[in-house]
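These are notes for a colleague who will work with the coordinates. They are set out as numbered points, from the whole chain down to single residues.

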Amino acid sequence: MIRELTVVAGLISLATLSGCASIASDNDTTTYIQTVPELARCELKGDDFERVVVTPSAISLPSKAAPISVTCTADSFKPGVASLDTSVDGWIFGNIILGGVIGAVIDASRGAGMRYPEEIEIVLEPEMFATIEKRDAFYEEWREKTESKWAELIDKFETRCDTDPGLEGPECEMRLERLNSKRSAELAIIEGKRNGAVVEPAEPITLLDNPTPL
């Protein structure tokens, strides 16, 4: 009887330890935060969670804190705002965010197994551009990076649809449609920001009060 109780106690201890390890692993994930420009100060706030980091920075985030708001600031730039949320498998399926970042759709109840995106990039817009050309170059680079990001994400998911037996045709089609819709929406946001950007006015040309005679 004593031997049996000892075995049971040992099994309970192992179960408890493995449970703790699982919880620590599943409930905290690391997200790498980047900004344009670098060295921005980012405040993260979620449910019973607050942190401040200077970019670039990797930070461990508890899933129970989701959604986590991220506000990044830097001198001579407008604040960049993002919202980090969790998904059941860590894939990024797309809430559009003001900072030009893709968030994650909630696919299940928050808890063990829920993951944040592995990395995000937040673009801070200059408060003012010196010329229209510099304004257009800034937003064109942002647009190209966004196009590339979405193309890579969609390509990876299409590959996953071909190899993951858990994803059936209709489910893949629905998610791909969602990805393409979010891609178009984010590109539209970038274009809207370009149109609303402030360009420093050129100095007016004035005539001299007493022009020198030729």
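1. What does the accessible surface of the protein come to, and what share of it belongs to carbon and sulfur atoms? The accessible surface is about 13100 Å², and 55% of it belongs to carbon and sulfur atoms. Please keep in mind that this is a predicted model.

2. Overall make-up. The protein has three helices and seven strands, arranged along the sequence as α-β-β-β-β-β-β-β-α-α. Of its 214 residues, 33% are buried. Among contacts between residues at least 6 apart in sequence, 61% join residues at least 24 apart.

3. Helix α2. This helix covers residues 132-163. Its 32 residues should span 46 Å at 1.5 Å a residue, and the end C-alpha atoms are 47 Å apart, so the two values agree. The buried residues of α2 are Arg135, Phe138, Tyr139, Trp142, Thr146, Trp150, Leu153, Ile154, Phe157, Arg160 and Cys161. They pack against β7 (119-123) and α3 (169-196).

4. Helix α3. With 28 residues, α3 reaches 41 Å from its first C-alpha to its last, close to the 40 Å expected at 1.5 Å a residue. Buried here are Cys172, Arg175, Leu176, Leu179, Glu186, Leu187, Ile190, Lys193 and Arg194. The cover over the buried residues of α3 includes α2.

5. Side chains of opposite charge can pair when their charged atoms come close. The count for this model is 13 salt bridges. In one of them, Arg183 meets Glu147 at 2.9 Å, N to O. That pair links distant parts of the chain, with Arg183 in helix α3 and Glu147 in helix α2, 36 residues apart. Arg183 counts as partly exposed because its relative accessibility is 24%, and Glu147 counts as partly exposed at 25%.

6. Glu186 forms a salt bridge with Lys149, and their closest N and O atoms are 3.3 Å apart. Here too the pair links distant parts of the chain: Glu186 is in helix α3 and Lys149 in helix α2, 37 residues apart. Is Glu186 buried or exposed? Its relative accessibility is 1%, so Glu186 counts as buried. Lys149, at 29%, is partly exposed.

7. The closest N and O atoms of Glu171 and Arg175 are 2.7 Å apart, in a salt bridge. Both residues lie in helix α3, four residues apart, which is about one turn of the helix. Glu171 is partly exposed at 28% relative accessibility, while Arg175 is buried with a relative accessible area of 11%. Salt bridges with shared partners also join Arg135, Asp136, Glu191 and Arg194 into one network.

8. The β5-β6 hairpin. Strands β5 (residues 68-73) and β6 run antiparallel and are joined by five bridges. Cys72 stands opposite Gly80 in β6. Six residues separate the two strands of this hairpin, and Ser76 in the turn has a positive phi of about 70°.

9. The two faces of β6. In a regular strand the side chains alternate between the two faces of the sheet. Strand β6 spans residues 80-84. Its covered face holds Gly80, Ala82 and Leu84, and its uncovered face holds Val81 and Ser83.

10. Pro37 lies in the loop between β1 (28-36) and β2 (41-46). Pro67 lies in the loop between β4 (57-62) and β5.

11. Positive phi in loops. Most residues other than glycine have a negative phi, and most peptide bonds are trans. Leu39 is not a glycine, yet its phi is positive, about 65°. Leu39 is found in the loop between β1 and β2 and counts as exposed at 65% relative accessibility. Asp48 also has a positive phi, near 60°. Asp48 sits in the loop between β2 and β3 (49-54), and its relative accessibility of 79% makes it exposed.

How values were computed:
Residues are numbered from 1 along each chain as its sequence is written. This is a predicted model: local features need pLDDT of at least 70, side-chain atom pairs count only at pLDDT 80 or more; totals for chains, interfaces and linings use all residues. Side-chain values use heavy atoms; hydrogens and water are left out. The expected span of a helix is 1.5 Å times one less than its number of residues. Buried means under 20% relative accessible area, exposed over 50%, partly exposed in between (1.4 Å probe, protein chains only). Contact means heavy atoms within 4.5 Å. A salt bridge is a side-chain nitrogen of Lys or Arg within 4 Å of a carboxyl oxygen of Asp or Glu. Accessible areas come from the Shrake-Rupley method with a 1.4 Å probe; for residues, only the protein chains shown count as cover. Two strands pair if DSSP finds at least two bridges between them.
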